Amino acid sequence: MLIRCSMIGQGTPSDPLSVDLPTYTVVTSDATVRRAFVDVPDIDVPSDVAAFVTANPVVDLVSPLPNPFPASLARSWQDHLARRYDLGTAKWKPVVA
Amino acid sequence: MRVSSYAVARPAYYDRNAVSTIQSYGADTAPHATTTRFTTTVAAGTKLIVEVALAFTMTTGVATTSGRGFSQVLVASGGNNVDLSRIDQIQLTTSLVATQQLIPLQLTVYAGETVVGNTSNGSTGGTMFHVVSFKGTTYAA
């Protein structure tokens, strides 16, 4: 699933700009606005997050989201990834941005 | 009554629900900070054998001020990294000079570990074509 996410990191070799997801591929990114369109495996995206992304389409890296990404969905995504990768803790904290 | 026991060998990894895992990123880009282009994290109950990793760079637009660029595929485990394939290149004053490193491997990546593809270009102006990719087999641990 194609999702526009916020990027983390300093852009250095030891702390690259990246998206806080376990598995993804960058389609395009912008270090200035710190966002990237990434292709994420469907199995890594809970249905409520997928529904939010579908209901809030964006066409570029700079336009704001039609609606802010709710904290409850952010938590849902973290928990989903922790379960899927069986870590027990929410290691990844991706944000639709 | 005859009692027998059979020692049945466990199937080879490629016969244990194996699927190909491929990640690839390639683009002509302006100078940029070090950026992760893909990650693949191995989920619990599975392992991944990386069979080939590729890093490639090519100057496609001459820089105003040359800087160092690189493409890199690495494995991250517990805060430590090891490069599988890496190419560094100064963005040259001549275009279309390519460097490539294609590494055949048989490297096991365990649950929780991550294969990462990074690119970077520290020049001012110009463009560089980067490719980072790998192919592996994910299977039941």
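**Chain B and its face to chain A**

Among contacts in chain B between residues at least 6 apart in sequence, 80% join residues at least 24 apart. The model is predicted: local features need pLDDT of at least 70, side-chain atom pairs count only at pLDDT 80 or more, and totals for chains, interfaces and linings use all residues. Residues are numbered from 1 along each chain as its sequence is written, and chains are lettered from A and ligands numbered from 1 in the order in which they are written.

Colleague: What makes two residues a contact?
Modeller: Their C-beta atoms, placed from the backbone, lie within 7 Å. By that rule, 17 residues of chain B are in contact with 18 residues of chain A. E2(B) gives the most to chain B's side, with 10 residues.

Colleague: What makes the residues on that side of chain B nonpolar, polar or charged?
Modeller: Ala, Val, Leu, Ile, Met, Phe, Trp, Tyr, Cys and Pro count as nonpolar, Asp, Glu, Lys and Arg as charged, and the others, Gly among them, as polar. The side divides into 5 nonpolar, 11 polar and 1 charged.

Colleague: Why are strand E3 (residues 24–30) of chain A and E2(B) said to pair?
Modeller: Pairing requires that DSSP finds at least two bridges between two strands. These strands have 2 bridges, in the antiparallel sense, so they pair. Thr25(A) stands opposite Phe38(B).

Terms used
Helices (H or I, at least four residues) and strands (E, at least two) are DSSP runs, numbered from the N terminus.
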